[in-house]
Amino acid sequence: VNVRGVVLGVRAASRTLAPGSALSVTASISGIRGDPGMWTYNASKGAVLNLVRSLSIDLARLDIRINAVCPGPIDTPMTADFDDTGRESLRRSIPLKRWGQAKEVGAAHSWLLSAKASFVTGVSLPVDGGISANNGQFPPPE
C-alpha cells in the first residue's frame, strides 16, 4: 500500500493536472534512515522517496511539480497505541522535545503545493522536530 497507493494516485492525478500544478505525497523519516525491526516499512517509504525524485524529473516536462513530506513522531491515531515508555523515549530523541501535530504535517503539504514553492520539486521535506538531523550516535541534550 505504501508504494502502490502512491503510484496509482500519482498516475491518476498527473493525467488530469494542468501545467503549473503540484503534487505532494506522504512518506516518512523512516524512508530516509533505518529503524530496528521495521525494514519493510523503511524500504517502502524509501521507495516512495525515490519515486518522488524520479517522477519530479519526468513530470517537469509537463510543468508539474512533485514532492514528499516526511513526518516523524506525530500524534495521530496510528501512534495512539504507543505505550507511555515508547512515547517518552521517542520524545527524548526529538531535538524540539515534543511530538508533532497533524496540522504541522498539513502545513508542510500546503506550502509545497503553493506558489511559494514554485521552484521546489523532487524534495523530501522532514517534518520531525529535528530528529532526522541527528546521526543517532549521541542523543540530543535534555
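Here, contact means heavy atoms within 4.5 Å. Keep that in mind for the close-ups below, which show a predicted model.

**View 1. Glu142 and the residues it touches.** Leave aside the neighbours within four places in sequence, and Glu142 is in contact with Arg91, Arg92 and Lys97. Where does Glu142 lie? Look in the segment after strand 5, the strand that covers 124-127. Glu142 and Arg92 are 50 residues apart in sequence, yet their C-alpha atoms are 7.3 Å apart in space. Is Glu142 buried or exposed? With a relative accessible area of 70%, Glu142 is exposed, because the cut-off for that word is over 50%.

View 2. How many salt bridges does the structure hold? There are four, and this view zooms in on the one where the side chains of Asp75 and Arg87 meet, at 2.2 Å from N to O. Asp75 sits in strand 3 (residues 74-75) and Arg87 in helix 3 (residues 84-93), so this pair ties together parts that are twelve residues apart in sequence. Both partners count as partly exposed: Asp75 has 32% relative accessibility, and Arg87 has 21%. As a rule, side chains of opposite charge can pair when their charged atoms come close.

**View 3. A salt-bridge network with Glu88, Arg91 and Arg92.** Now for a group of three: Glu88, Arg91 and Arg92 are linked in a network of salt bridges. Within it, the side chains of Glu88 and Arg91 meet with 2.6 Å from N to O. Both of these residues lie in helix 3, three residues apart, which is about one turn of the helix. That spacing is handy to know about, because an α-helix has 3.6 residues a turn, so residues three or four places apart point the same way. Glu88 is partly exposed at 31% relative accessibility, and Arg91 is partly exposed too, with a relative accessible area of 22%.

**View 4. Arg98 paired with Glu104.** Here Arg98 forms a salt bridge with Glu104, and their closest N and O atoms are 2.6 Å apart. Arg98 is partly exposed, with a relative accessible area of 39%. Glu104 counts as partly exposed as well, at 29% relative accessibility.

**View 5. Inside the largest nonpolar core.** Time to go inside: the largest nonpolar core has 17 residues, and those with the most contacts inside it include Val10, Leu23, Leu59 and Ala68. Which elements supply at least two residues each? They are helix 1 (4-14), strand 1 (22-26), helix 2 (39-60) and strand 2 (65-71). Helix 2 gives the most, with five residues. In soluble globular proteins, nonpolar side chains tend to be buried together.

View 6. Not counting residues up to four places away in sequence, Ala68 touches Val25, Ala27, Leu49, Val52, Leu112, Val123, Ser124 and Leu125. There is also a second, separate core of six residues, and Val69, Ile74, Val105 and Val127 are among them.

**View 7. The buried face of helix 1.** Which residues of helix 1 are buried? Val6, Val10 and Ser14 are. Seen down the axis of helix 1, its buried residues fall within an arc of 45°, so they line one face of the helix. What do they pack against? The buried residues of helix 1 pack against strand 1, helix 2 and strand 2.

Methods
Residues numbered from 1 in each chain as written. Predicted model: local features only at pLDDT ≥ 70, side-chain atom pairs only at ≥ 80, totals over all residues. Heavy atoms only, no water. Helix = DSSP H or I, 4+ residues; strand = E, 2+ residues; numbered from the N terminus. Buried < 20%, exposed > 50% of the residue type's maximum accessible area, 1.4 Å probe, protein only. Core = buried A, V, L, I, M, F, W, Y, C linked by side-chain atoms within 4.5 Å. Arc of directions from axis to C-beta.
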